[in-house]
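Please walk me through this structure.

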Amino acid sequence: MLSHSFATALPNFVSPWRVEAWPDAQIKLLNPDFQLDDAALWQLLKQEGHAQAYAGHQFGQFVPMLGDGRAVLLGDIATPDGTKEVHVKGSGPTPYSRRGDGKAQLGPVLREYLMSEFMHAVGIPTTRGLAVITTGETIARQTLQPGAVLLRVADSHLRVGTFQLAAIRGREHVLEVLRYSAQVLGVQADTDAALAEALLLRVMQLQATLVAQWMRIGFVHGVMNTDNCSITGETLDYGPCAFIDRFDGNAVFSSIDQQGRYSFGNQPHIAAWNMVRLAECFVGILEVDALNELVQQFPQLYRNAWIKEMALVLGLEPSPEAEELLDDLLVLLQHHNPDYHSLMLKLRNNPESADQWLQPWIQRWQALDPDRDMMRQHMPNWIPRNHIVEQVIQAALRQDWDVVREHLGYARDPFNAPVAKAPENPAPYVTYCGT
Ligand code: AMP
Ligand code: MG
């Protein structure tokens, strides 16, 4: 029997649910880090779990009821990293499926597994893949593909959208979610108002750090809706995500993000916007002026986090000179749009080989005596670039699991993996939502 901390603490935010039986379920990948065998996995899937209810802003539009339309929270498991929630995604319709089929295709499931293993390996907070199982069905989206489910683990699946649903229902419900969230994050205070303040600050700090880490590695989440914004500060719901090849604040990969709301450079602004949506849920618990004062701290929290993260990849100790250098680098990158990852590796290995336009900057940077070991520990050789992710997905679709495993090996040890070469002619890359 599994324990169900989320459902026990927040019974009004779940519907008991079981995953359906699949015609021909086969475990294709099982993450060795979680030390579970096949039998334990099948046992997990037989348990009664819950579909979560939440609201959310999708591309800025408020949707009062979203919820797990294609996922079930199975319960808590013990892992070498402590207790985690196990969640199965793509498992079939739930009470929240609306018009969706509740299913997932192998390609997107594999993308989430690969990307999240990489993020974990480079020290960025994320949910993690526990297993990939093909279901024996064929699922139609842009193309036909084998159906698959992803088992994933997270510290918690609490989202800003959980608070938003609570806020629609009233103050008592917000307090319920607040108290449970505070318990999960280890936040304490004497009064409800103080707890709301402490929690909001903690979530803002976690989100500022997370997005700064995405920016340093060149990650575009692609769908930072409030229902995908984790209270525990984990990278949550890898849908149309991608890594930038060329540095460009306007980089967008998602087919539906026509306005560039979730572009690479807009991510810090969206995180700030999402934090205002969280703050809004505490109206009635905290004074509006106090809430405003809190959310106005986000830009500074983000700035501090960004300086810290960028200093790490450039081997610098934070200082006023370093800060100025980082700001100047950002302007240069945005103007010249170089291949970001290749440039970072050049700076580490042979800065002389970098383009002329960067040489004056490089001289100033060298004068600060950058620490090459620090750089090596924060900018990996290997990155799941778009053309590589596509190769891995194509390999899985032709059942070439050796190729998949080889690349997963790089994703899990990217600092020692061979350098991921830039594509010769990067073709425009399009990713899809709800995949
Ligand atoms: P996402 O942006 O992928 O996290 O999904 C947004 C919302 O749509 C969530 O409530 C999902 O559960 C739901 N959803 C996405 N795909 C499907 C699907 N194929 N069937 C049912 N619900 C879905
Ligand atoms: Mg989601």
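Asp237 is buried, with a relative accessible area of 14%. Buried means under 20% relative accessible area, exposed over 50%, and partly exposed in between, using a 1.4 Å probe and protein chains only. This is a predicted model, in which local features need pLDDT of at least 70 and side-chain atom pairs count only at pLDDT 80 or more, while totals for chains, interfaces and linings use all residues. Residues are numbered from 1 along each chain as its sequence is written, chains are lettered from A and ligands numbered from 1 in the order in which they are written, and side-chain values use heavy atoms, with hydrogens and water left out.

Asp237 sits in the loop between strand 10 and strand 11. Helices (H or I, at least four residues) and strands (E, at least two) are DSSP runs, numbered from the N terminus. Contact means heavy atoms within 4.5 Å. Beyond its neighbours within four places in sequence, Asp237 contacts Lys89, Arg152, Arg159, His221, Val223 and Asn228. With Lys89 there is a side-chain to side-chain polar contact at 3.3 Å. A polar contact is a pair of N or O atoms within 3.5 Å; within protein, one must be able to donate a hydrogen and the other to accept it, and residues adjacent in sequence count only if both atoms are side-chain atoms.

Leaving aside neighbours within four places in sequence, Asn228 is in contact with residues including Arg159, His221 and Asp237.

What does the record say? UniProt, in an unreviewed entry, lists Asn228 and Asp237 under "binding site". UniProt positions are in the numbering used here, feature names are shortened, and annotations may be inferred rather than shown by experiment. The "binding site" annotation in the unreviewed entry also covers Gly67, Gly69, Arg70, Lys89, Asp101, Gly102, Arg152, Arg159 and Asp237. These span 171 residues in sequence, and the farthest two C-alpha atoms are 22.8 Å apart, so they do not all gather at one spot.

Gly67 lies in the loop between strand 5 (61–63) and strand 6 (71–79). Gly67 is buried, at 8% relative accessible area.
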